[in-house]
Amino acid sequence: MDSDRQGQGTDGSAAKPGGKAATRSQASRIRILDAALTVIRTRGYSATRVEDICEAAGLTKGAFFHHFRSKEELAVAAADHWATTTDGFFARAPYHALEDPLDRLLGYIDFRREILAGEVPEFTCLVGTMVQEVYETVPAIREACDRSITGHAAELEKDIEAARQLHAPEATWSSESLALHTQAVIQGSFILAKARMGAEVAAQSIGHLRTYVEMLFGRRNP
């Protein structure tokens, strides 16, 4: 929400901090952001209109512009919202309970394959979708997408580094580079899924990623 509008509810009424109007205002903002995640993944950033997001959120354009000055500002906030939402989702994933960091890394890859469920927009990535469209034309969105992707990779990097020290201490590659490579493969698999309108090709790509990681750590012969 814009800092100069924090004193108003979505209906323009005064909102006391922690009051009902403030709660309603925050709830409407989250509805807009959640709607943006769905609509942009379905239509793409360029084809998405403010009206489409308002319709999906069940809110008026007035409510939209209470929170966001433009579609671009919404997209930046949506990228950050996506990062927060997905960070929580992955933090609760079962692979974290595994003792060996390499098992956690492989468990992460398996989990990425397991969640390729539903229609293509349901399992593909918001920030991957947006950055492909605007990487040169809208720097603010590009930077927000980069924060999301590299932030996710940085969390994965912790297990990769622990696995490298335990299983491949002589390795010359960096944990950061492997963490980013996993994201490159996963984002690429989403592009293929969109091209073929289905998850099977993405699942195959992520399966090859698992095999590569196993070979990298000596668990499988070339």
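Helix H4 (residues 71–91) packs against helix H8 at an angle of about 5°, and their axes lie 8 Å apart. The two helices are therefore roughly parallel, a term covering angles under 35 degrees. Axes are lines fitted to C-alpha atoms, for helices over the stretch in contact, with angles from 0 to 180 degrees between N-to-C directions; helices are DSSP runs (H or I) of at least four residues, numbered from the N terminus. The structure is a predicted model, in which local features need pLDDT of at least 70 and side-chain atom pairs count only at pLDDT 80 or more, whereas totals for chains, interfaces and linings use all residues. Residues are numbered from 1 along each chain as its sequence is written, and side-chain values use heavy atoms, with hydrogens and water left out.

On the H4 side, the residues that meet H8 include Glu72, Ala79, Trp82, Ala83 and Phe90; their counterparts in H8 include Ala140, Ile141, Arg147, Ser148 and His152. By class, this contact comprises 10 nonpolar, 2 polar and 4 charged residues.

Serine 148 is located in helix H8, which spans residues 139–167. Serine 148 counts as buried because its relative accessibility is 8%, buried meaning under 20% relative accessible area with a 1.4 Å probe and protein chains only. Beyond its neighbours within four places in sequence, serine 148 is in contact (heavy atoms within 4.5 Å) with Ala79, Trp82, Ala83 and Val127.

Glutamine 187 belongs to helix H9 (residues 175–196). With a relative accessible area of 15%, glutamine 187 is buried. Residues up to four places away in sequence aside, glutamine 187 touches Cys125, Gly128 and Ile149.

How values were computed. Buried < 20%, exposed > 50% of the residue type's maximum accessible area, 1.4 Å probe, protein only. Parallel < 35°, antiparallel > 145°, perpendicular 65-115°, else oblique. Nonpolar A, V, L, I, M, F, W, Y, C, P; charged D, E, K, R; others polar.
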